[in-house]
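Dear colleague,

Please find below the structure that I am handing over to you.

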Amino acid sequence: MGNMLEKLLFQTLIGLSFSMYLWLLAAGLTLVFGVLGVLNFAHGSLFMLGAYATFTFYGKIGLNFWLSIFLSLLCVGGIGLILECLFFRRIYHIDLPYQLILTFGFILIFDDLVKIVWGGVAMIPPMPRFFEGSLNILGRPFPYYNIFIIFAGIFVALLLWFVLEKTWWGRTIRASASDREMASAIGINIPILFTNVFVFAAMLAALGGALGTPVRVVAPGIGTSMIIQAFVITVIGGLGNLKGAFVGALIVGILTSYGILLFPIFELFIIFVVMAFVLLVKPEGLFGK
Amino acid sequence: MAKKITRRKFLRDTVIGGIVLGSGLGGYRITYGQTKKPAGPIKIGGQGAISGAHADYGWQMMAGATLAIEEINAKGGILKRKLELKFMDEELKPATAVKNARYLVTDWGADFLFGIDSSGSAMAVGPVLPELDRLCFFCHAATHRLTEELVAGKGIKQVFRMVAPVYQDALAAWVFKDSPEIKRWAGINCDYEYGYVAWNLFKENIKKFRPDVEFVAAAWAPFWTMDFSSHISAVMAEKPDAIFATPWAGEGVMLLRQALMLGVFEKIQAWWQCMGGSVDLLEGISREVAADKFKGKLWATARYIHNYPDTPENKAFVSAFRKRWGKFPNYSAEASYSTIYAIKAGAEKAKTLETSKVAEALEGMELKTPAGTRLIRKEDHQAIYTVPGGKVTHSPDYPIPVLGDLKIIPAKEYFRHPPFTPVAATK
């Protein structure tokens, strides 16, 4: 039995690091929905662009890893800025199906654009030297990089909490999320705020993509492959709720990891079963209002 | 604004259409009616994945076929007719593949078809071939069902497979049967038919040689798995001696790199990466191989490797391919190259392009190809040739890793033979 407990504990740690990529993706998705009211299907594409940008700066040009991440955040933030100002701004007030068509269109455009610029072949840059190696946990090697990812995810969660709860900017975001007209009436510049939030969310997605580059493949479609899980997370946690997205990411990441260990035959269904259960019992999500 | 069709425009279009159609049919008649007068080129229609993460496989097909066509055209073509190639993207989608096949034959006028990466696409294209009355030479799709069910079972004689099928993946059973220290096997496999069949074939075969082996764990990864660490850690929890893995292309690279991070190669004695001998995968792990991270424990095969066999045909092919494209040929390139030569041999033996006669001419034929002598088996139209398994090694003679320490087992031993018994295509 002790052996089983050890297996589960190790699997929890592996699942935890997986959760963090999901969290970074889901955080931006839920933030944009919560504040802007747009369900952004193309959010996964921003994740992919973050990965490609980091790959280019770090793997191709050979810049420092941290600098590469920083530059890719700026690039994707810039793309987010263009997207918001030219396109998304026009769809805030219209029906959801139109939003889906526009955002879905961007998925196709970005996937093809990436193929034109970088080619269709999957690419993997080298792992930064200082992350090589592993820590011995329960007699098994646990990579330093996974430890780093777990802390990075928790750090972003704390940062988001601090920004939203403790800063003036965060208060304006929360105010306009709960009542757009009232916020506007007391002098908050809603269009600028929306642009900022969208750019910030794009950078979160890019960070998820960027942090994955040393261990994951960079290829067209990597964002779309994760966006489904990100949607499941936001549904479980409550659409538009950041705390929900964090808890949802933990649930989905760790349960997937357990499923692979314990029920390999039907592991793929598990998170959907959880989602269906949440929808039945609490349709607004665990932390939804 | 809807376009209005006037009577005049309708008449004009009908007349033009009639002329085009009529001349098309006329051309058709000349091709097949008068054999003495050399007609236009022989049209060869190919398709493969040329977009997406697996794009390199389709590109390799196009490159291999182009090279063969250039060589043959330089020497006068087939039956004194030049060859012409058109290559389309199958997108790994069965519906697209069928649409392409129909377009290539009925609109473009293809005399032969080849290519196809996905097994799903292959199983969809196979059944429409009798109606199109064209042969299709499959160059990558590996499902055993294509030849076992469609050809041997249903008698669809238009299907030929030039590439080694999923039997190749189970070669591990022969490579490791004499390693008594390897008893506990675990699998990390694709969560679709290819993964199920490869793993089941391997289990079935190694059990025959080694009743003492155990299969201690199996993890399943669907298409687009980015993070294999949960799969790796789940099977490593059972302390296996060796791992059998099917993820291919970029996914295979990622799986191996993540396994290195999790220290797998410190604990196991061998890792069999079925299609690890694929050029794109070897390229993806070349840094790690050069640094000996796998400690000589990584084994693989492929459906052809460029450093086997050591024959003049293979050397000539590899150097011509490298000269033409600046890359090493992968198995889909070799299979496509050999396909064009098979078409040449079949048409020249039959002295016609007629589908049924060329098919008959090819049955039981032995062809000298870069991958060695291919025997086209009569019962299932499967090309039989040997591809060794080997250890992934860094060699100073090559810019990317190669398979070394080759284990050569004759194809007759590890290929399945008719009459076929069903293989479980489930987890």
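Which helix gives the most to the lining of the largest pocket? Helix 4 of chain A does, with 4 residues. Please note that the model is predicted: local features need pLDDT of at least 70 and side-chain atom pairs pLDDT 80 or more, while totals for chains, interfaces and linings use all residues. Residues are numbered from 1 along each chain as its sequence is written, chains are lettered from A and ligands numbered from 1 in the order written, and side-chain values use heavy atoms, without hydrogens and water.

The largest pocket holds about 950 Å³ of space. Its lining has 35 residues, and B:H54, B:E91, B:L92, B:K93 and B:F223 are the closest to the centre. A pocket here is an open set of points on a 1 Å grid over the protein atoms alone, where a 1.4 Å probe fits, with protein on both sides within 12 Å along at least five of seven lines; lining residues have an atom within 4 Å of a point. Volume is the space filled by probe spheres set on the points, which are joined across faces, edges and corners.

At least two lining residues come from each of helix 4 (96-118) of chain A and helix 4 (119-125) and helix 8 (193-209) of chain B. Helices are DSSP runs (H or I, at least four residues), numbered from the N terminus.

The second largest pocket has a volume of about 690 Å³. Among its 23 lining residues, A:L164, A:G240, A:N241, A:L242 and A:K243 lie nearest the centre.

Yours sincerely
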